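This report describes a structure and the criteria used to read it. Please consult the sequence and coordinates below alongside the text.

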2 protein chains.
Amino acid sequence: MRLSTKGRYAVTAMFDLALHEQDGPVPLTEISTCQTISLSYLEQLFAKLRKHELVVGVRGVGGGYRLARPATEISIADILRAVDEKVDVSRAAQKGDPAQALWIEFSEQLYSYLDHRTLADCISSPYALRISARQDGEHARGIPTRQNAA
Amino acid sequence: MRLSTKGRYAVTAMFDLALHEQDGPVPLTEISTCQTISLSYLEQLFAKLRKHELVVGVRGVGGGYRLARPATEISIADILRAVDEKVDVSRAAQKGDPAQALWIEFSEQLYSYLDHRTLADCISSPYALRISARQDGEHARGIPTRQNAA
DNA sequence: TGAATAACCTACCAGTTAAGTTGGTTTTTG
DNA sequence: CAAAAACCAACTTAACTGGTAGGTTATTCA
């Protein structure tokens, strides 16, 4: 289990995609300027997200990234696992040291918490709704809102 | 918010102290051999834990570290914050980007979860009790069990 | 009193990871 | 064809992790 700025970048970017599920694909250039992350670094993160089938890329003009599944079926843990790529899940467990066993138990509980937090319920919090409502009031973003790009 | 192996080391070490609250101070050499972490690295972690008043050191022969407060009053978040030393707590919030606002909300919820998980309830889980019972059956550790060392 | 124990302290270091840069190519749209 | 954008790979730099080395101080006990 690990949670770093890298994970934060990935999660916030996914929030962005989830918030614009209706508006067609979101280009990385947008996320890059909006959240001041370098484009290339975002590309690296999205390569991993795509490999883990959390997003799909749409090439060409008007392209970008969309969620590969509905936001209700993508958990925060999914995203963190995708960009962390840690193969061995908390392998500490050496010869039953009590303290380490306790860690494993604790981290499993933490994971199960993160496994149940989906993108959908994160963006549908009261606070989130207030924000995205305000956002819809202005004309969303700089991009021509194309309905149903796929 | 971050959670790395460093945090894991600190938390498992604190589990160790909590499990031996009755037996007087626990020397770092013990934790070092038990959990195969270098002594010096443990010393660095405990310097931070001490600075944050989560543990107290007892010098000299038969010394070691004790919890500075009862285990019921030390949360996992306390420990992670002590060793992480991140000054600015999730300062992402730039000009109200919706995705970043959502991250802040999410991480606050995660923290509040970790703020309510105390050492005491971690070590008193059914699984933990089974383990430490087994541990008491043998004569605890290699150390002469002195009652009330302070 | 002196040896052993253990906290406490400082400086340093190697390896990994994060984060970003550069410089492309391919695909798609207009 | 030109522009937009995904896609790709190699490289760089800075930070952090985890660990070493070599001390000093305080305390206990024989």
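Where is T118(A) found?

## Position of T118(A)

T118(A) is found in the loop that lies between α5 (98-116) and α6 (119-123) of chain A; helices (H or I, at least four residues) and strands (E, at least two) are DSSP runs, numbered from the N terminus. With 19 other C-beta atoms within 10 Å, T118(A) is partly exposed. On this scale a residue is buried if 20 or more other C-beta atoms lie within 10 Å of its own, exposed if 12 or fewer, and partly exposed in between, with C-beta atoms placed from the backbone.

Not counting residues up to four places away in sequence, T118(A) touches A71(A), T72(A), I74(A) and S75(A), where contact requires C-beta atoms, placed from the backbone, within 7 Å. Between T118(A) and G24(A), which are 94 residues apart along the chain, the C-alpha separation is 20 Å.

## Model and conventions

This is a predicted model, in which local features need pLDDT of at least 70 and side-chain atom pairs count only at pLDDT 80 or more, while totals for chains, interfaces and linings use all residues. Residues are numbered from 1 along each chain as its sequence is written, and chains are lettered from A and ligands numbered from 1 in the order in which they are written.

The pLDDT (the predictor's confidence in each residue, from 0 to 100) averages 80 in chain A, and 74% of the residues score at least 70. Over residues 87-93 of chain A it is below 50, and this stretch has 9 contacts in the model beyond near neighbours in sequence. The pLDDT also stays under 50 over residues 134-150 of chain A, for which the model has 14 contacts beyond four places in sequence. Where pLDDT is low, the predicted coordinates should not be read in detail.

## Architecture of chain A

Chain A has 7 helices and 2 strands, in the order α-α-α-β-β-α-α-α-α from the N terminus on. Buried residues make up 35% of its 150 residues. Among contacts in chain A between residues at least 6 apart in sequence, 67% join residues at least 24 apart.

Among the buried residues are M14(A) and F15(A).

M14(A) and F15(A) are also among the residues with the most contacts inside the largest nonpolar core, together with I79(A), M14(B), F15(B) and I79(B). This core has 73 residues, a nonpolar core being a set of buried Ala, Val, Leu, Ile, Met, Phe, Trp, Tyr and Cys residues joined through C-beta atoms within 7 Å. Leaving aside neighbours within four places in sequence, F15(B) is in contact with A99(A), L102(A) and W103(A), as well as L119(B), C122(B) and I123(B).

## Surfaces near the DNA strands

DNA strand D is surrounded by 25 residues, the closest being G57(A), T5(B), S38(B), S40(B) and G60(B); a residue is near a strand if its C-beta atom, placed from the backbone, lies within 6 Å of it. α3(A) gives the most to this surface, with 4 residues.

Around DNA strand C there are 27 residues, of which T5(A), K6(A), S40(A), G60(A) and G57(B) come nearest. Here α3(B) gives the most, with 4 residues.

Note on methods. Two residues are in contact if their C-beta atoms, placed from the backbone, lie within 7 Å.
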